[in-house]
Structure formats: structure tokens, C-alpha cells
Amino acid sequence: MIEGEQRKAQILAALQQAEKPISASSFAKKFGVSRQIVVGDVALLRASGENIIATARGYLLERESEKLISKIAVQHDRSQAETELRTIIDQGGEVIDVIVEHPLYGELAGGLHLTTQKDVDRFLNQAQKNQAAFLSELTDGIHLHTIAYDSLEDLAKIKQALSDKGILYEENRHA
């Protein structure tokens, strides 16, 4: 078993090299410790200023991106979640997170980091497997997504495609 400081350094080094998320369970197995020890190590790394993102598939190190970033407002029920996510990706976007406004806690955000249709498949399978509620179910389907895209034309295509499907939250539809 490897000591805490050395283990944290190895976790950080692995995340710096990783192209895909690495799970706490994977680190735990590698280091011969419990998953909870790894979760604690990552919490300490984050508290020390490392930009580690926790996703449903594991940990990622946040990297600078040349992509443009925007938030879009959407509203739909659970049955349209797949359509929404696939539409954003089909139009050249990446879904970074989901954000809802909760009456007690204020803004709640969940990291998604979906860049491919395969990512969407994994996310939806996890939701079904765990019988997990989507954050948007707390807010009558109204939520934001932070999305990344290459050009303003891509953003326009994403918004138009979501609008065509009745998913984009637009003032004139909800007045």
C-alpha cells in the first residue's frame, strides 16, 4: 500500500495523462486502498487547487479549451432527455453540465462532459440502471446546459435544432 502524498501525486499524474475519466474504484484497485480513501485524496487535491472534475464515469482534469462556451435554457420531460442530448452532440456541441435552480439550495449543477453519442449512451444507461432522477425533474423540466462548440454557427444550429423539437426554452412559448 502506498502512502497518501505519493498516492495523491500518482492520481494527479494519471489524470494529467488521461483522455477519459478514471473511476475512484480503478484508482482504489491500483493502490490497494478503499474507494473512499481515493475519494478523500481527490477531495484534498481539489481543495489544494487542482481542477479535478467528478463525472458519473470518474475523474477528469479540467483542461483549457479553445472551444466557445455558452449556457442554453431548455425545458422537457424525462422522455425527451435523450433527444435533447443527442441533438446537441449531432449539431457539433459538447454537453459540459446541467444546472437547475432549487428553491432551497439555489443553483445545483451536475457535470456531464458528454462529447460523443457513446457518452450519451453510457449516461442514459447509468440513469436507467440506477433508477436515478434527472436534476431537471426538480424544476418542471426547466434547466440550463453549459455547452462547448467550435463556432457561433454551431451554436445557432444547436439552438435551432432544439427549438424545432420544442426543447429550447423560449420566452414567447412560455409567456
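Visitor: By class, how many nonpolar, polar and charged residues does the lining of the largest pocket have?

Guide: Bear in mind that this is a predicted model. The largest pocket has a volume of about 860 Å³, and 25 residues line it. Split by class, that lining comes to 10 nonpolar, 5 polar and 10 charged residues.

Visitor: Which element gives the most to the lining of the largest pocket?

Guide: Strand E2 (58–61), strand E4 (94–102), strand E5 (106–114) and helix H5 (117–129) are the elements that each give two or more residues to it. Lying nearest the pocket's centre are Leu-60, Arg-63, Glu-94, His-113 and Thr-115. With 3 residues, the top contributor is E4.

Visitor: OK, and how many charged residues are in the lining of the second largest pocket?

Guide: This pocket has a volume of about 380 Å³, with 22 lining residues. Nearest its centre you'll find Val-98, Leu-112, Phe-123, Phe-134 and Leu-135. The lining has 12 nonpolar and 9 polar residues, and the charged count is 1.

Visitor: Which element gives the most to the lining of the largest cavity?

Guide: The count here is 1 cavity of 30 Å³ or more, and the largest cavity has a volume of about 70 Å³. Its lining includes Gly-111, Leu-112, Asp-119 and Phe-123. The one giving the most, with 4 residues, is H5.

Visitor: And how many residues in the lining of the largest cavity are charged?

Guide: Arg-57, Asp-119 and Arg-122 are among the lining residues. By class there are 4 nonpolar and 2 polar residues, and the charged ones number 3.

Technical notes:
Residues are numbered from 1 along each chain as its sequence is written. This is a predicted model: local features need pLDDT of at least 70, side-chain atom pairs count only at pLDDT 80 or more; totals for chains, interfaces and linings use all residues. Side-chain values use heavy atoms; hydrogens and water are left out. On a 1 Å grid over the protein atoms alone, a cavity is a set of points where a 1.4 Å probe fits but cannot get out, and a pocket is an open set with protein on both sides within 12 Å along at least five of seven lines; lining residues have an atom within 4 Å of a point. Grid points are joined across faces, edges and corners, and a volume is the space filled by probe spheres set on the points. Ala, Val, Leu, Ile, Met, Phe, Trp, Tyr, Cys and Pro count as nonpolar, Asp, Glu, Lys and Arg as charged, and the others, Gly among them, as polar.
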